[in-house]
Amino acid sequence: MRLILMGPPGAGKGTQASFISERFKIPAISTGDIFRANVSKGTDLGVKAKRYMDAGEYVPDEVTNLMVRDRIDEPDAESGFLLDGYPRTLAQVEELDGMIKFTGHQLDAVVVLTVDQEEIVARLLQRAELEGRADDTEDVIRRRQEIYAEQTEPLIDVYRDRGILIEVDGMGDVAEVTERVFEALEDVPES
Ligand code: AMP
């Protein structure tokens with residue numbers, strides 16, 4: 001399976017990604033996690049990404065695309081993967097199309113978690129407190145949402161037009177949402 005998990009920041013993508021990954025035995029690839037790991041290690045990539053992340057802005061496409069290309073090339077992603085937090089721009093959609101086409105495969109489904117905006121802010125502020133995430137001040141959270149609406153929401157129509165979009169209600173218990181996601185994915189034929 002080659003899947004994308006989408007949704008606004010705080011929709012619970014990371015949590016659901018790990019369940020999907022387990023169920024379908026595919027690696028969950030989170031660009032946010034890879035960036036954060038690089039920031040902690042102080043790599044060149046981390047240094048480049050940090051100022052964008054701290055401001056709630058997107059890391060430039062060239063940087064992000066290269067990183068995903070490298071990750072998808074790893075042996076564990078050969079038979080499938082779940083992308084969490086990528087693509088986020090139309091340019092990234094094109095880039096990903098190229099990467100997948102090159103391997104002779106195709107995208108099977110794009111799952112979008114739909115959630116209530118106010119609930120999201122509350123969740124993110126709670127998470128910021130629990131995890132001490134430096135990129136989660138209220139201003140930054142609002143900025144991330146704006147950018148999501150401007151740059152990432154348009155991707156939903158792109159995938160809907162391709163007939164591979166699955167919208168899942170992301171509100172409620174984690175387990176309930178997981179159940180809905182699994183149910184929706186049951187009908188997806190594996191390419
Ligand atoms: P996330 O944990 O997915 O919310 O990602 C944290 C931060 O990493 C984002 O706010 C961006 O600064 C950066 N980031 C993650 N994925 C991408 C992406 N696909 N394109 C650009 N920036 C990204």
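Q: Which element gives the most to the lining of the largest cavity?
A: The general idea comes first. Rolling a probe the size of a water molecule over the atoms shows where empty space is left. Now the case here, in a predicted model. β1 gives the most to the lining of the largest cavity, namely 3 residues. Both β1 (2-6) and α7 (138-161) supply at least two residues of that lining.

Q: How many cavities of 30 Å³ or more does the structure hold, and what volume has the largest cavity?
A: The count is 1 cavity of 30 Å³ or more. The volume of the largest cavity is about 50 Å³.

Q: Which residues line the largest cavity?
A: Read along the chain. Ile4, Leu5, Met6, Gly7 and Lys13 are among them. The lining also includes Gly85, Tyr86, Pro87 and Arg88, as well as Tyr148 and Thr152. By class, the lining divides into 6 nonpolar, 3 polar and 2 charged residues.

Q: What is the peptide bond from Tyr86 to Pro87, cis or trans?
A: That bond is cis, and its omega is near -5 degrees. Pro87 sits in the loop between β3 and α5. Tyr86 and Pro87 both belong to the lining of the largest cavity.

Q: Where is the second largest pocket lined, and which residues lie nearest its centre?
A: The lining of the second largest pocket has 13 residues. Nearest the centre lie Ile72, Asp73, Met99, Phe102 and Thr103. The elements that give two or more residues to this lining are α4 (61-72) and α5 (90-102). The largest share, 3 residues, comes from α5.

Q: How much space lies in the second largest pocket, and how do the residues of its lining divide?
A: About 220 Å³ of space lies in the second largest pocket. Its lining residues divide into 6 nonpolar, 2 polar and 5 charged.

Q: In what order do the strands form the sheet?
A: Again, the general idea first. Strands of a sheet pair through backbone hydrogen bonds, either parallel or antiparallel. Here 5 strands form an open sheet, ordered β2-β3-β1-β4-β5, and the pairing is parallel. At the edges are β2 (28-30) and β5 (165-169), each pairing on one side only. From one strand to the next, the twist averages 20 degrees.

Q: How many bridges pair β2 and β3, and which residue stands opposite Ile29?
A: β2 pairs with β3 (residues 81-84) over 3 bridges, in the parallel sense. Opposite Ile29 stands Leu83 of β3.

Q: How many aromatic pairs does a search of the whole structure find?
A: A pair of aromatic rings is described by the distance of the centres and the angle of the planes. In this structure the search finds 0 aromatic pairs.

Q: Which charged end sits over the ring of Phe182?
A: The charged end of Arg23 does. The distance to the centre of the Phe182 ring is 4.3 Å.

Methods. Residues numbered from 1 in each chain as written. Predicted model: local features only at pLDDT ≥ 70, side-chain atom pairs only at ≥ 80, totals over all residues. Heavy atoms only, no water. 1 Å grid on protein atoms, 1.4 Å probe; cavity = no way out; pocket = protein on both sides within 12 Å on 5 of 7 lines; lining within 4 Å. Points joined across faces, edges and corners; volume = space filled by probe spheres on them. Helix = DSSP H or I, 4+ residues; strand = E, 2+ residues; numbered from the N terminus. Nonpolar A, V, L, I, M, F, W, Y, C, P; charged D, E, K, R; others polar. Phe/Tyr/Trp six-rings, centres within 6.5 Å; stacked < 30°, edge-to-face > 60°. Lys NZ or Arg CZ within 6 Å of the ring centre and 35° of its normal. Pairing = 2+ DSSP bridges. Axes fitted to C-alpha atoms, helices over the stretch in contact; angles between N-to-C directions.
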